[in-house]
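Subject: A structure for you to look at

Hi,

Here is the model I promised to pass on. Have a look at it first, then read my notes below.

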Amino acid sequence: MRKGFVASMIVLGAALMSSPLTRAQTAQPAAPVALDGWGRPVISPVTGPKAAPAPRRDISGIWEPANGPGDGIQPNGPKDMPSDGKPEHDLPYTPLGLQTLKSHKALFGTAAVLQALTNDPADKCDPLGFPRADLFQLRHTQFFQNERQVAILYQFEKRWRTIWTDGRELPKEIPESRWYGYSVGKWEDDSTLVVQTIGTMGDERAWLDNTGRPVSDAMRVEERFHRVDRDHLELTVKIDDPKMYTRPWVAINKFPMKLQSPDYDVIEMMCIPSESEKYHKEYGDVASETVGK
Amino acid sequence: MKVKFLTVFALAIGVWMVSVPLFAHHGNSAFDTGKRMTMKGTVTEWFWANPHCFLKFDVKDDSGNVVHWVAETTNGPDMIERGWSKQTFKGGDEITVTVEPVKNGRPVGRVLQVVLPNGQTLGMAYLKR
């Protein structure tokens with residue numbers, strides 16, 4: 001009798017365990033894992049604190065913000081000089097610089113406005129331009145190089161720049177202003193490429209950062225790409241624009257990036273005007289209370 | 001407007017940690033910063049797009065009226081980094097959404113967390129890699 005009861009309990013237990021109801025209650029959804037653009041799990045090649053030495057005069061590879069994707073977004077301005085009201089982050093504006101800054105209605109920073117009131121060119125999907133590409137949405141950044149040039153491919157907007165490393169000098173006369181300027185690079189040492197850029201757009205369609213800091217056609221930008229070791233890169237960006245600022249200043253200082261797998265497929269990321277239009281119509285304008293209640 | 005919602009303070013603490021700076025494109029001025037609303041609703045559209053995705057869902061208020069909510073996330077690539085995808089939602093999905101609403105009282109906000117029909121919770125923290 002007792003054996004029969006135990007057997008019955010075993011059968012009942014097995015039946016319960018295998019029932020769809022029980023499975024539904026106990027099954028845990030698989031935790032999401034990071035995927036690349038190809039839908040494959042991300043495998044970081046950075047394996048430990050002791051990386052191999054930096055290869056000589058080589059910054060090629062796919063780099064990403066070492067502290068996570070959010071570190072390069074820099075919504076409130078350059079990481080080391082945000083628009084946050086702190087005195088140490090006040091920039092040395094010229095009168096023209098201050099006047100231009102005030103004409104910019106940014107969505108972020110100390111003078112942020114509502115969505116519907118902004119005149120940020122990027123909100124219309126205009127190019128970020130340079131140096132804003134370094135100072136906003138700095139995400140996966142791929143470098144290709146040969147003996148004559150380094151090409152930088154930015155994930156955001158799928159933009160690219162050419163850095164000439166063939167010994168040429170910057171143009172004496174700018175043939176035509178460019179969104180991403182004219183750039184030359186020289187190796188300061190075997191692990192540091194110093195890039196100078198001039199000839200960028202100096203009109204109202206180009207902002208320095210996400211908070212509307214101004215730029216002019218007189219701007220010169222210095223980037224220092226220092227490969228600390230095989231797996232780590234630091235980027236420093238210095239702004240020199242005498243029309244807008246009374247002295248040069250450093251926007252980001254040794255911004256850390258780490259090497260990604262050479263097999264990593266960078267996810268497409270662009271501002272799409274038609275999608276942006278729908279976004280504003282169905283979301284942004286309502287949030288800003290510009291449509292009828 | 002009396003929208004039926006559950007305010008879950010314990011959850012809000014966790015959600016708070018991933019708030020404002022992650023929304024990088026369209027500003028913070030419109031939002032009632034720090035306020036949290038948690039609602040049960042039915043998905044009507046998941047707009048996967050650049051520069052921002054948004055989720056549309058219907059919520060019944062206390063009187064049984066349907067309120068059409070719209071809540072944004074960041075862009076698609078950025079959401080992939082957080083474990084979301086274009087296939088995360090389909091029309092008719094019953095979900096629980098936590099949003100930070102706008103100040104103007106419209107049924108608009110930004111998504112902070114979603115509980116899917118299978119019980120999985122998706123938030124705004126980046127996945128470890």
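Let's start with chain A, which has five helices and nine strands. Here, helices (H or I, at least four residues) and strands (E, at least two) are DSSP runs, numbered from the N terminus. Read from the N terminus, the elements of chain A go α-α-β-α-α-β-β-β-β-β-β-β-β-α.

Some housekeeping: residues are numbered from 1 along each chain as its sequence is written, while chains are lettered from A and ligands numbered from 1 in the order in which they are written. This is a predicted model, in which local features need pLDDT of at least 70 and side-chain atom pairs count only at pLDDT 80 or more, though totals for chains, interfaces and linings use all residues.

**The barrel**

The nine strands of chain A close into a barrel in the order 1-2-3-4-5-6-7-8-9, with mixed pairing. The twist averages 30° from one strand to the next, with axes being lines fitted to C-alpha atoms (for helices over the stretch in contact) and angles running from 0 to 180 degrees between N-to-C directions. Two strands pair if DSSP finds at least two bridges between them.

Three bridges join it to strand 2 (residues 141–145) of chain A, and the two run antiparallel. In that pairing, Gly61(A) has Phe143(A) as its bridge partner, and Ile62(A) stands opposite Gln142(A). Strand 1 of chain A is also joined to strand 9 (residues 249–260) of chain A by four bridges, again antiparallel; there, Trp63(A) stands opposite Leu259(A).

Is strand 1 of chain A mostly covered or uncovered? It is mostly covered, as five of its five residues are buried. A residue is buried if 20 or more other C-beta atoms lie within 10 Å of its own, exposed if 12 or fewer, and partly exposed in between, with C-beta atoms placed from the backbone. Of the 293 residues in chain A, 39% are buried.

**The cores**

A nonpolar core is a set of buried Ala, Val, Leu, Ile, Met, Phe, Trp, Tyr and Cys residues joined through C-beta atoms within 7 Å. The largest one has 42 residues, and those touching the most other members include Leu135(A), Val237(A) and Ala251(A). Strand 9 of chain A gives this core its largest share, five residues. A second, separate core of 37 residues includes Leu114(A), Ala30(B), Phe31(B) and Leu122(B).

Why does Asp123(A) count as buried? Because it has 20 C-beta neighbours inside 10 Å. Asp123(A) sits in the loop between helix 3 (95–103) and helix 4 of chain A, and its C-alpha atom is 8.6 Å from that of Cys271(A), 148 residues apart along the chain.

**Where the chains meet**

The contact takes 36 residues from chain A and 32 residues from chain B; two residues are in contact if their C-beta atoms, placed from the backbone, lie within 7 Å. On the side of chain A that touches chain B, 23 residues are nonpolar, eight polar and five charged.

**A word on confidence**

The predictor gives the complex an ipTM of 0.76 and a pTM of 0.83. Chain B has a mean pLDDT of 83, pLDDT being the predictor's confidence in each residue, from 0 to 100. Over residues 1–24 of chain B, though, pLDDT stays under 50. Where pLDDT is low, the predicted coordinates should not be read in detail.

Cheers

Definitions and conventions
Ala, Val, Leu, Ile, Met, Phe, Trp, Tyr, Cys and Pro count as nonpolar, Asp, Glu, Lys and Arg as charged, and the others, Gly among them, as polar.
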